[in-house]
Amino acid sequence: MKDQKILTIQDISCVGQCSLTVALPIISACGVETCVLPSAVLSTHTGGFQGFTFRDLTEDMPAICRHWKKEGISFDAIYTGYLGSTKQIDYVMEIISSVKKEGTPVIVDPAMADNGVLYTGFDMEFVDAMKRLCANADYLLPNVTEASLLTGMPYRTEYDEAYVKELIEKLLTLGCKNVVLTGISYAEGTTGVVVCENGGSRYYRHDKQPNSCHGTGDIYASAFVGALVRGKSAYDASRIAADYTVECIRETAKLDNHWYGAKFEPVLGKLIEMLK
Ligand code: PXL
């Protein structure tokens with residue numbers, strides 16, 4: 001295996017099975033050294049807990065980056081997720097350009113919304129800043145809500161291939177190179193991902209689980225990044241990430257009331273198998 005290390009930039013939600021507490025174990029399980037730049041520290045995630053704490057780490061970022069530059073540190077992939085502030089997005093773009101090498105893929109999960117609404121604490125100014133970050137993405141991984149916010153298209157729960165095609169075309173005009181659009185369902189009982197790579201588009205469909213879980217976007221993006229860095233094509237990485245996410249949702253459904261996240265831990269072994 002090549003000696004590769006990646007950088008992921010997203011928050012630490014101390015409790016909640018999302019962002020860094022998901023990305024670190026999943027990407028590490030893929031056999032890839034995972035370095036982190038925490039964007040914020042929260043007591044829990046913002047999706048259903050009341051009164052969470054939020055420590056914004058925006059102003060720590062420039063000094064961290066200066067130190068890495070002094071040490072000559074660079075990364076083989078950079079993956080951004082939930083970011084803490086609009087100003088932070090500008091810092092993140094500077095960090096990306098200073099620590100990437102030639103050929104380092106940049107994966108952007110514009111983690112800011114789901115089910116038609118922005119997460120607590122975000123506004124349209126944040127969305128506009130996220131559009132600028134998207135221009136730096138080799139792979140952009142939005143769900144339909146995020147794609148509609150980024151493109152200005154109406155959010156729909158029922159749609160056809162023409163709507164999805166237009167979403168992707170408009171996402172590409174932001175300047176990203178490739179798009180993996182998640183949670184695309186054309187028929188009851190199935191869902192999937194549309195992978196648009198190098199101008200070509202393919203759909204990977206799988207069973208839709210009756211339950212849904214918080215944090216599956218982070219599970220998906222982390223498994224995608226791990227598989228991509230392990231040398232899989234974007235389509236194969238998308239497929240593996242989708243199959244693994246389904247396993248996590250199934251595992252969660254075995255429990256009565258695990259509402260705040262998905263049980264990704266017991267099925268990490270399956271992800272490792274999928275990479276073989
Ligand atoms: O899973 C995305 C996510 C990450 N981080 C925080 C969140 C959320 C979604 O709600 O609140 C803090």
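**Close-up views of salt bridges and the ligand site**

**View 1. The salt bridge between K101 and D76.** K101 and D76 form a salt bridge in this predicted model, with their closest N and O atoms 2.9 Å apart. Because K101 lies in the loop between α3 (86–99) and β5 (106–108) and D76 in the loop between α2 (61–71) and β4 (77–80), the pair ties together parts that are 25 residues apart in sequence. K101 counts as partly exposed, at 35% relative accessibility, whereas D76, at 19%, counts as buried.

**View 2. The salt bridge between D138 and K177.** The closest N and O atoms of D138 and K177 are 3.3 Å apart in this salt bridge, which links distant parts of the chain, 39 residues apart: the loop between α4 (124–134) and β8 (139–140), holding D138, and the loop between α6 (161–173) and β9 (178–181), holding K177. D138 is buried at 14% relative accessibility, while K177 is exposed at 55%.

**View 3. The salt bridge between E247 and K270.** The side chains of E247 and K270 meet at 3.2 Å, N to O, and since E247 lies in helix α8 (residues 234–253) and K270 in helix α9 (residues 268–274), the pair ties together parts that are 23 residues apart in sequence. E247 is buried, with a relative accessible area of 17%, and K270 is partly exposed, with 42%; a network of salt bridges links E247, R250 and K270.

View 4. The shell around the ligand has four nonpolar, six polar and two charged residues. A nitrogen atom of the ligand is 2.8 Å from a side-chain N or O atom of D11, and an oxygen atom of the ligand lies 2.7 Å from a polar side-chain atom of D218. Taken alone the ligand exposes 320 Å², of which the protein buries 98%.

Notes
Residues are numbered from 1 along each chain as its sequence is written. This is a predicted model: local features need pLDDT of at least 70, side-chain atom pairs count only at pLDDT 80 or more; totals for chains, interfaces and linings use all residues. Side-chain values use heavy atoms; hydrogens and water are left out. A polar contact is a pair of N or O atoms within 3.5 Å; within protein, one must be able to donate a hydrogen and the other to accept it, and residues adjacent in sequence count only if both atoms are side-chain atoms. Accessible areas come from the Shrake-Rupley method with a 1.4 Å probe; for residues, only the protein chains shown count as cover. Ala, Val, Leu, Ile, Met, Phe, Trp, Tyr, Cys and Pro count as nonpolar, Asp, Glu, Lys and Arg as charged, and the others, Gly among them, as polar. A salt bridge is a side-chain nitrogen of Lys or Arg within 4 Å of a carboxyl oxygen of Asp or Glu. Helices (H or I, at least four residues) and strands (E, at least two) are DSSP runs, numbered from the N terminus. Buried means under 20% relative accessible area, exposed over 50%, partly exposed in between (1.4 Å probe, protein chains only).
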